[in-house]
Every structure is written in C-alpha cells, then in structure tokens.
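Please look over the two-chain model shown here before reading on. The briefing is grouped by topic.

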Amino acid sequence: MRGGTAPMPLADVGDLSWSWNIGADLQGLFAYHFMVNAFRAGTIVAIAAAVIGWFMVIRGESFVGHTLALVGFPGAAGATLLGVSATFGFFVFSIAAALIIALLPRGNSVRGFSEESAVVGTVQAAALASGFLFISLYHGFLNGVNALLFGSFLGVTDSQVLTLFVLGAAAVIILALTGRPLLFASIDGDVAAANGVPVRWLSSLFLVLLGVAAAEASQITGTLLVFALLVVPAATAQILTPHPLKSLALAVGLGLGITWAGLTAAYYSPYPVGFFITSFAFAAYLLVRIGQGHPWRRAFQHEAKQAPA
Amino acid sequence: MIAAPLNAAPGLLHMFSHPFIRYGFLAGTGVALACGLVGYFAVLRSQVFTGDALSHAAFTGALAALAFGFDARLGLFGVTVAVALGMGLLGARGRADDVVIGNVFAWLLGLGVFFLAIYTTRRSSGNGAAGPAVLFGSIFGLNAGSARLALILGLATAVVLLALARPLLFASVDEAVAAAQGVPVRIVGLVYLALIGLAAAEGAQVVGALLVLGLLAAPAAAAQRLVERPYAGLALSAGLALAAMWGGLTLSYAAPKLPPSFAIIALASAIYAAAALLPRLRRVVGQGGASPP
C-alpha cells in the first residue's frame, strides 16, 4: 500500500490532467508502473470481492464481512509496527477472525435483549482501538492511518500483486468447486441438510473465504469502505436479475467497472480513491433502486407477465 | 511491568496539577455519563447499529465543517443530530435493510475522506493529523472552553434522558401497549434518536468517531448482564462507563505510550468480557445453583 519506491505522480502535473482525449488519457494512465500495479491489484480484488460478496449478500452476512475487514486494521497496523508488509497483516488477522467466528458456538439467544449487536459493536471498537495503539506506537505513521482505513493505490508492489492473485484465485476456485451445495445451503439450510449437504462445514469454509475477500478488498478501499466492493456490486446485480449465474457475472462486471472508474478518477484528481469508489458504487446502487421502482419498468414487467398467457 | 505503576504512583497524586488532565476528566465525565445512559437504551431497543451509523455521520460532519472553515463541533453536532432525526422520520415508513444501511454509511465515510482531502490540501492551516484526531479522539488536546462545553452538553443529554426514562422504558419494552396507554411512542423514539446523535457527537470528541461505539455498547451490555432491574441497570451502565473513562485516563497518564482512547475502550471491553465470563466462571467453581437451559 505504501512504499518509498513508488514515484509520486504529483511532480509533473502537466501530464496528469484529464483532457477528454480518451486515447491519450488512457496512455497517460499506464505511464507509471505503480499505476499498472494498481490496476492489476484492483482487477483481482474486484473479481474476488464481487464473487464472494455475491454469496455473502445471499447469506445475509454483510456485517460479518464488515467486521472481518475491521479486524484486519489492527493486523495491518501491527504488521507495519513489526516491519512486515501490511498485506500480510490484513490476511492473517481477517482469516484468523473468520476461523474464530466459525468455531464459536452458534448464539442461542436465551436472554431477551439484543446482546449480539452489542458484542459486535464492542469487538469492532476494541479492534479499531488496538489498531490505533499500534499506529501511535509506530511514530510518524499518521498518513498511513488514512491509507489503511480509506484505501490507497500508491506503491502496490509486484509481490503484493502476486499475493493478492494467488489468494484471490484460490478463494474463487474453492468457491467455484463448492458453489452449488453452498447456494443450496444458503437458500434453504434445513432442506439442504436433509439432503446430505454438510451445511455447518460449508458455512465455516465460507467464513474463511469471506475473510480472504475482506482482506483483499481492504487493500483497495481500506478497512472502513469494504462495503463498496463486497456488498454493492452483488446487491445491485441481484436487484437486476434473479438468475444466479447472470447476476454473478453482472456483479463481477459492476465491481470491475466501479474499481477501474474509481482508480482512473483518483489518478486524475487530488482526492482519495476511497471517495470515488464509494461514490460510484453508491450511484450505481441508487440508480438501480430508483429504476426498479420506476413506472415504466413496472409496466414492462406487467406486459412481460401477460405476454406468454 | 510491575515496577512501572509503582514508580508512577507518587506521580498519580499530582496528576490533577496538569490542566490538560483536569480538562480531560471534566469532558470525559460528561461524555461517559451521556454514553452510559444513552447506550443502555440503545442495547435494550437494539439500536446499537444506529449508534454506529451516527458515529460515522459525526466523522463526516466534523470534517465537512473543517473543510469549509467552520468550527468542527458545529458540523459534529449539527450533522449527527440532523442525520439521527432524518433516520427517525424515514424509519417510520419502513425499516431499511442492512444492505441499504451499509451502502449509505460506506458512502458517508467516503464523503468524509473527501472533505479530509479538501481540508488538508486546500487550507493552509490544515494539518495532516485532523483525520486521525476526529477518528480516534484527542481528549488531552481539549482546552478549558471545549472541556466545559463537553461537560455541560454531556450532563444535559443525561438529564434529558433521565427525564424521558420512564416513557422510553415503557415504549422500549412493549411499544404497542405503551401506545395504547397514551405514551407518545413516536415522539419519544424521535427524541431518543436525537439523544443518540448527541451522545455520539460528544463521544467523538473524546474517544473519536470510530471508537464511540465501544463506549455506547460495552458498559450497557455489561450492565444488562449483571443486573435485571432496568433502573439499577441504567445506573450501573453509567457507573461502568465512568469507571472505564476515569480508569482509562489514569492509565494513559501513568503509561504515556498508551493513547487515552485506546485505554478507555480497552477497559470498557474488559469490563464487558468480565461480566460475560462471570456466570461461566461461577458455574465452573460449582457455586451456581441454576442449571443452564
């Protein structure tokens, strides 16, 4: 995420303004190696986060994904304190937290009050506070806080891209192999269990995959903004089409579009990448939600329903 | 490790000779009272995530005010209470699902970063530590005036909540019966949302926008584990929040490497963990008569 070797693009501002000469602009975009790496990393992350996020939204585990990303923050800050790559810290902490959640006994709500959300809130605050402790122990790192929390595309190294690729590809392949029973178990757990699907085992495995996806998304959007890549593409695609494979492909497409547009906008402006990615994601979701309730669409659906009859 | 507190002990006696410690304790007392009392009802009414959302709004509000050259507190309180009331008014039409809430608040945070970038690049007076200060608090950086204001606002929040406690409790436990008995459920809920907004904005000044959730949730959840009766629980929640606040500030003074917001949240989480593990511990020791269901 940060690295002293990356050339800062602020030196020659002349090359860096958006000219609406799209060909030249796109060439300028890839003039620096760090930007090529940013796009490589962004592409890997967008695909992995969209695919795993698609299952997460179906399973209603959005806040688990958010919590796993937040737990990555002290991991990344601690890794920086120890002199290890922040990427390493993100993955170790997010996956470890996923394993712990998977091993915990399922909550049987004996008591009347809503303690579960209070526990989640306490764990989140404690994780963020520990991350802050590591950061303040590591002096002179205050700009790094913003990069860890809100994302950064500067200084992604080749080895980080490789790490992201290997882990992301492994997670997506495992998900592809278990996709059918997992979808079955997600939609109707009881029937799936009756049909011999190992529901409990699959949900634990999925939590680990979610930990990988949360850590990957944190690399681009930062710990606090993972919703933009993990939830929004999937939620938007699921509104547009109920067909599983189509909406999965659509989610990947949306994730890639949001990430590429966000990186491009951040490159040609002084504002942070997290702002652009969340804004584009929110705009896409809002457009689809508004379009969904539009009278034209309802009339169209009405006609479509009548036509076969 | 053992030697450090012993060495610090004589120093602790002189802790209050430092003005910044006095201001920290003044502001912290108001914040802890407000968060402890408001948080109790947040847990009771399952509105913890509302508190989370409002603390995000506090971050964006404070940085928006800074970016446009106003006092951060103006944006902090104004935006947080406005978002709280907006959520209350929208919530009456239909409950938003977690995907919608997550979307809106990820975007709100993104907007906050945008304002942070404007503040740090455009304003010559802007400093790079503004973002971390809003996110993680800067209680030892308060001056006399802002400490007094934080204390007064915290006490005011606490007094309004206590005045509202009876109808709010009734409405929280059984909304339909309360409405039938003539309790103005909607208005009570709306005022309570504004109080969460005030508590979140208050807490954001002391422990920061990201950590205020811990101060709202942990003491309240611990109190509800320890005590069944609501008013005793309410008092205990405020007491535990105060204990975490005073203990955290003292700890941070004794060990300057620990940032105060970390010490406060760590103590609050430890109090909750102790309260959650206490019954299990008793059962292991074998004194608990009740068998688990």
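What follows covers the chains, their contact, helix packing and selected residues.

This is a predicted model, in which local features need pLDDT of at least 70, side-chain atom pairs count only at pLDDT 80 or more, and totals for chains, interfaces and linings use all residues. Residues are numbered from 1 along each chain as its sequence is written, while chains are lettered from A and ligands numbered from 1 in the order in which they are written. Chain A has 14 helices and zero strands. Chain B has twelve helices and zero strands. Helices (H or I, at least four residues) and strands (E, at least two) are DSSP runs, numbered from the N terminus.

**Chain composition**

- Chain A reads α-α-α-α-α-α-α-α-α-α-α-α-α-α from the N terminus on.
- Chain B follows α-α-α-α-α-α-α-α-α-α-α-α along the sequence.
- Of the 309 residues in chain A, 48% are buried. A residue is buried if 20 or more other C-beta atoms lie within 10 Å of its own, exposed if 12 or fewer, and partly exposed in between, with C-beta atoms placed from the backbone.
- For chain B, 52% of the 293 residues are buried.
- In chain A, take the contacts between residues at least 6 apart in sequence: 75% of them join residues at least 24 apart. Two residues are in contact if their C-beta atoms, placed from the backbone, lie within 7 Å.
- In chain B, the share on that basis (contacts between residues at least 6 apart in sequence) is 76% joining residues at least 24 apart.

**Contact between the chains**

- Chain A puts 43 residues into the contact, and chain B puts in 43 residues.
- On the side of chain A that touches chain B, at least two residues each come from helix H3 (62-82), helix H5 (115-137), helix H6 (142-150), helix H10 (227-230), helix H11 (232-240) and helix H13 (273-292) of chain A.
- H5(A) gives the most to that side, with 15 residues.
- By class, the side of chain A that touches chain B has 29 nonpolar residues, 13 polar and one charged. Ala, Val, Leu, Ile, Met, Phe, Trp, Tyr, Cys and Pro count as nonpolar, Asp, Glu, Lys and Arg as charged, and the others, Gly among them, as polar.

**Helices of chain A**

- Helix H4 (residues 86-103) of chain A has 18 residues and reaches 26 Å from its first C-alpha to its last, close to the 26 Å expected at 1.5 Å a residue. The expected span is 1.5 Å times one less than the number of residues.
- Buried residues in H4(A) include A:Ala86, A:Phe90, A:Phe93 and A:Ile95.
- Helix H9 (residues 199-221) of chain A has 23 residues, which should span 33 Å, and its end C-alpha atoms are 32 Å apart, which agrees.
- A:Gly222 follows H9(A) and has a positive phi, near 85°.

**Helix packing in chain B**

- The axes of helix H2 (residues 19-44) and helix H11 (residues 230-254) of chain B come within 8 Å and cross at roughly 150°. Axes are lines fitted to C-alpha atoms, for helices over the stretch in contact, and angles run from 0 to 180 degrees between N-to-C directions.
- H2(B) and H11(B) are therefore roughly antiparallel. Angles under 35 degrees count as roughly parallel, over 145 as roughly antiparallel, 65 to 115 as roughly perpendicular and the rest as oblique.
- The contact of H2(B) with H11(B) has 17 nonpolar, seven polar and no charged residues.
- H2(B) also meets helix H7 (residues 144-173) of chain B, with axes that come within 8 Å and cross at roughly 20°. That makes H2(B) roughly parallel to H7(B).
- The contact of H2(B) with H7(B) has 20 nonpolar residues, five polar and one charged.

**Selected residues**

- A:Tyr267 sits in helix H12 (residues 244-267) of chain A. A:Tyr267 is buried, with 21 other C-beta atoms within 10 Å.
- Leaving aside neighbours within four places in sequence, A:Tyr267 is in contact with A:Leu29 and A:Met35.
- B:Leu240 lies in helix H11 of chain B. B:Leu240 is buried, with 26 other C-beta atoms within 10 Å.
- Leaving aside neighbours within four places in sequence, B:Leu240 is in contact with B:Gly36, B:Pro219, B:Ala222, B:Ala223 and B:Ile271.
- B:Ser46 is not a glycine, yet has a positive phi of about 45°. B:Ser46 is in the loop between H2 and helix H3 (48-67) of chain B.
- B:Ser46 counts as partly exposed, with 15 C-beta neighbours inside 10 Å.
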